[in-house]
Amino acid sequence: MQLICSPLTPEIAVLKLYWVSSGRMQPFIHYFLHFVFPGLVAYTCYRKNWRNVYLILVLTMLVDLDHLLARPVFDPCRCSINFHPLHSYQAIGVYFILLIFPKTRIIALGLLLHMATDALDCLF
Ligand SMILES: [Zn+2]
């Protein structure tokens, strides 16, 4: 089994040291970005129907179903970005294209927020 972890550059080492020394901050920030931040975006950008927009943004978490294709399904050292099919660079490119169309814009926004959150995890 191949472990895919971030290379330990000096910058990453400092960030990682800070991250680890801050205890449980990584999961807190991860779940904040996955669940609370989309609510802030929905409330700020789509105030009229922010609840529906928030629901759509949270439902884009279903993109993580592609993790079920991996063995093992969960690996804390694995970076999701460009490993799982729906987290690939090609898929992310499609999500950017979907931003163009009003009917798919909110879904694309949710998917890109999700990818940004997952990419942040790849630093650690
Ligand atoms: Zn993900």
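The model is predicted, so local features need pLDDT of at least 70 and side-chain atom pairs count only at pLDDT 80 or more, while totals for chains, interfaces and linings use all residues. Residues are numbered from 1 along each chain as its sequence is written.

**Exercise 1.** Determine what span helix α5 (residues 105–121) should have, and compare the end C-alpha atoms.

*Solution.* Helices are DSSP runs (H or I, at least four residues), numbered from the N terminus. The expected span is 1.5 Å times one less than the number of residues, so the 17 residues of α5 should span 24 Å, in agreement with end C-alpha atoms that are 24 Å apart.

**Exercise 2.** Which residues of α5 are buried (20 or more other C-beta atoms within 10 Å of their own, with C-beta atoms placed from the backbone), and what covers them?

*Solution.* The buried residues are Ile106, Leu109, Gly110, Leu111, His114, Met115, Thr117 and Asp118. Their cover includes α2 (25–45), α3 (50–59) and α4 (89–98).

**Exercise 3.** Describe how α4 packs on α5.

*Solution.* Begin with the axes, lines fitted to C-alpha atoms over the stretch in contact, with angles running from 0 to 180 degrees between N-to-C directions: those of α4 and α5 lie 8 Å apart, at an angle of about 140°. Next, list the contact (C-beta atoms, placed from the backbone, within 7 Å), which is made by Ile92, Tyr95 and Leu98 of α4 together with Ile107, Ala108, Leu111, Leu112 and Met115 of α5.

Conventions. Helix = DSSP H or I, 4+ residues; strand = E, 2+ residues; numbered from the N terminus. Buried ≥ 20, exposed ≤ 12 C-beta atoms within 10 Å, placed from the backbone. Contact = placed C-beta atoms within 7 Å.
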